Protein chains: 2
Amino acid sequence: MQYQNFRNHLSKTLGVPVDGLEVCSSFYEVEEVKKNEILLREGEVSDSTFFVEKGLLRMYSIDKAGKEHVIQFAPENWIISDTTSQLLNEKSRFYIEAIEDSTIIVTKDGFFDNLAKVYPHVAEKNQRLMFNHIKNLQNRVNALISTTAEERYLDFLKKYPNLMLRVPQWMVASYLGITPESLSRVRKELANKKFII
Amino acid sequence: MQYQNFRNHLSKTLGVPVDGLEVCSSFYEVEEVKKNEILLREGEVSDSTFFVEKGLLRMYSIDKAGKEHVIQFAPENWIISDTTSQLLNEKSRFYIEAIEDSTIIVTKDGFFDNLAKVYPHVAEKNQRLMFNHIKNLQNRVNALISTTAEERYLDFLKKYPNLMLRVPQWMVASYLGITPESLSRVRKELANKKFII
């Protein structure tokens, strides 16, 4: 079956019955994107949400000095979008880019409305996804002001297993809000601790 | 007229007509709280949103070492609540405390449902408040990973005018995710720049 990850998302997370999955296929589009391809640019108003069927995306901002700052990674089964731009119809402050060749399911603004017309309980499941989005942002703020670089790195490994093997270290450091040198030091210290244990 | 700030919020932000303000009064409660009084504790499930009519609240977490980390300040006209605990019915990871003697308007979970029964367009206005909440959290994450201590401090002054006079410096440093020593240095450097200009 094609796009198995997205189909699982529809049935398990959104509660679309298995025999109804074909109905949904008119509500989304599939895009094959190449590494380094940009799906959203600063200044654009976003109307799309990206579900990662295969591959890896990231959302980042660029500061005045031209430096990139990673807000979020999205490997397989993750959803990524600039919710603020989408919901408030404002120009985005962010970029979304493919870090690997990827297969992306693109849903547009009307996706949930269309789906909820056929399956009314989807609206509630979607609202829960938004509440979880708020929870993740709140936890990320709390982690950024209250945890050490080492704690943040360990959380990263738990949240994104195996991603260290797929992402350049400077991007991980940027996501953690630390310098690449600090990340190297943290990794070295952790390796030493393991050695002692 | 009593509770003028909250009445303005109802009429201007939520679009409740002026002659309908009396209808709302059965949907909320007013609490007078003393400095240092705690309105929400870690481990509790929150069902309340606090509108600050007068005074000042803060939301914070306490880490394993017992250190406090300030997530948000809420002076007059601000709304503060642990949305995650409220929306997902989960135990809170945070505390909400009065920093000054305060007059607080407490609305419970059913507030917007009750209000929307009488004024249906309130539901949409309330959704927009939630979208703005997401925007603020997203901007705070971006600021924490991408801006310098000085930039963050200047943003703080813009976001919370006059709050430096009402809040101990260590709390401001905690909110900015920097040490009190770094905050002192930033303030000294800014004062020096001003002197030169």
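**Entry 1: sheet in chain A**

I started with an open sheet of four strands in chain A, ordered β1-β8-β3-β6 with antiparallel pairing. Strands pair here if DSSP finds at least two bridges between them. Strands are DSSP runs (E, at least two residues) and helices are DSSP runs (H or I, at least four), numbered from the N terminus. β1 (28-33) and β6 (79-80) of chain A stand at the edges with a single partner strand each, so one side of each lacks a neighbour in the sheet. I then followed β1(A) to β8 (residues 102-108) of chain A and found six bridges, running antiparallel. A:Tyr28 has A:Thr107 as its bridge partner in β8(A).

I note that this is a predicted model, in which local features need pLDDT of at least 70, side-chain atom pairs count only at pLDDT 80 or more, and totals for chains, interfaces and linings use all residues. Residues are numbered from 1 along each chain as its sequence is written, and chains are lettered from A and ligands numbered from 1 in the order in which they are written.

**Entry 2: β3 in chain B**

I checked strand β3 (residues 48-54) of chain B for burial: five of its seven residues are buried. Buried means 20 or more other C-beta atoms within 10 Å of a residue's own, exposed means 12 or fewer, and partly exposed lies in between, with C-beta atoms placed from the backbone. β3(B) pairs with β8 (residues 102-108) of chain B in the antiparallel sense over six bridges. B:Thr49 has B:Thr107 as its partner there. Two bridges join β3(B) to β6 (residues 79-80) of chain B, also antiparallel. In β6(B), B:Ile79 stands opposite B:Phe51.

**Entry 3: core**

I looked up the largest nonpolar core, which has 76 residues. Such a core is a set of buried Ala, Val, Leu, Ile, Met, Phe, Trp, Tyr and Cys residues joined through C-beta atoms within 7 Å. Among those with the most contacts inside the core are B:Phe50, B:Leu57 and B:Ile96. Leaving aside neighbours within four places in sequence, B:Phe50 has contacts that include B:Leu39, B:Leu57, B:Ile96 and B:Val106. Contact means C-beta atoms, placed from the backbone, within 7 Å.

**Entry 4**

I moved to an open sheet of four strands in chain B, order β2-β7-β4-β5, antiparallel. Its edge strands are β2 (38-40) and β5 of chain B, each pairing on one side only. β4 (residues 57-62) of chain B joins β5(B) through six antiparallel bridges. B:Arg58 has B:Phe73 as its bridge partner in β5(B). α5(A) packs on this sheet, touching β4 and β5 of chain B, with its direction at about 130° to that of β5(B). Angles run from 0 to 180 degrees between N-to-C directions, and axes are lines fitted to C-alpha atoms, for helices over the stretch in contact. Helix α7 (residues 169-176) of chain B lies across β4 and β5 of chain B at about 95° to β5(B).

**Entry 4: the two copies**

The contact takes 22 residues from chain B and 22 residues from chain A. On the chain B side, the largest share, 12 residues, comes from α5(B). I also noted that 100% of the interface residues of chain B are interface residues in chain A too, so the copies meet through the same surface.

Technical notes:
Contact = placed C-beta atoms within 7 Å.
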